[in-house]
Amino acid sequence: MTAWRSLFTYNKYAQITARALRASLKEEERVIAEKRGLTSTRYQKWENGVGGQQVLVQEEIEPKK
């Protein structure tokens, strides 16, 4: 069995390797890659088949420059 599997899940492994890869990039490419990694969550209450206003759960955080 692979050594990392005994320590953490595949998702955690992928997160660690992605962070290491982004950190190794040049500044301009790193900023672009970090922006792709950001996610935001919204929800919308539906009543009678009509969607209400979308609410952003957490504001998007700008990557450090």
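**The hairpin and the rest of the chain**

Author: S1 and S2 form a hairpin with two residues between them, and Asn-48 in the turn has a positive phi of about 55°. The strands are DSSP runs (E, at least two residues), as are the helices (H or I, at least four residues), and they are numbered from the N terminus. This is a predicted model, in which local features need pLDDT of at least 70 and side-chain atom pairs count only at pLDDT 80 or more, while totals for chains, interfaces and linings use all residues. Residues are numbered from 1 along each chain as its sequence is written, and side-chain values use heavy atoms, with hydrogens and water left out.

Reader: In which sense do S1 and S2 pair, and over how many bridges?

Author: Strand S1 (residues 42-47) and strand S2 (residues 50-56) pair in the antiparallel sense over five bridges. Two strands count as paired if DSSP finds at least two bridges between them. Tyr-43 stands opposite Val-55 in S2.

Reader: What pattern does the protein chain follow along the sequence?

Author: The pattern is α-α-β-β, with two helices and two strands in the protein chain.

Reader: What is the mean pLDDT of the chain?

Author: The mean pLDDT is 80, and 83% of the residues reach 70 or more. pLDDT is the predictor's confidence in each residue, from 0 to 100. Among the elements, H1 has the highest mean pLDDT (88) and H2 the lowest (83).

Reader: Turning to H2, which of its residues are buried?

Author: In helix H2 (residues 27-37) the buried residues are Arg-30, Val-31 and Ala-33. They cover an arc of only 165° around the axis, which puts them on the same side of H2. That arc is taken from the directions from the helix axis to the C-beta atoms. Buried means under 20% relative accessible area, exposed over 50%, and partly exposed in between (1.4 Å probe, protein chains only).

Reader: What covers these residues, and what is on the face turned away?

Author: The cover includes helix H1 (10-24), where contact means heavy atoms within 4.5 Å. The face turned away from the buried side carries the exposed residues Glu-28 and Arg-36. Across the protein chain, buried residues make up 8% of the 65 residues.

Reader: How many salt bridges are there?

Author: The count comes to two salt bridges, each being a side-chain nitrogen of Lys or Arg within 4 Å of a carboxyl oxygen of Asp or Glu. One joins the side chains of Glu-27 and Arg-30 (2.6 Å, N to O). Glu-27 and Arg-30 are three residues apart in helix H2, so about one helical turn separates them. Arg-30 counts as buried because its relative accessibility is 15%, whereas Glu-27, at 43%, counts as partly exposed.

Reader: And which residue does Lys-45 bridge to?

Author: Lys-45 forms a salt bridge with Glu-47, their closest N and O atoms being 3.6 Å apart. Lys-45 is exposed at 58% relative accessibility, and Glu-47 is partly exposed at 48%.

Reader: One more topic: how many aromatic pairs does a search of the whole structure find?

Author: The search finds one aromatic pair. The ring centres of Tyr-10 and Tyr-13 are 6.1 Å apart and their planes lie at 45°, so the pair is tilted. Rings of Phe, Tyr and Trp (its six-membered ring) pair if their centres lie within 6.5 Å; planes under 30 degrees apart count as stacked, over 60 as edge-to-face and the rest as tilted. Both tyrosines, Tyr-10 and Tyr-13, lie in helix H1, three residues apart.
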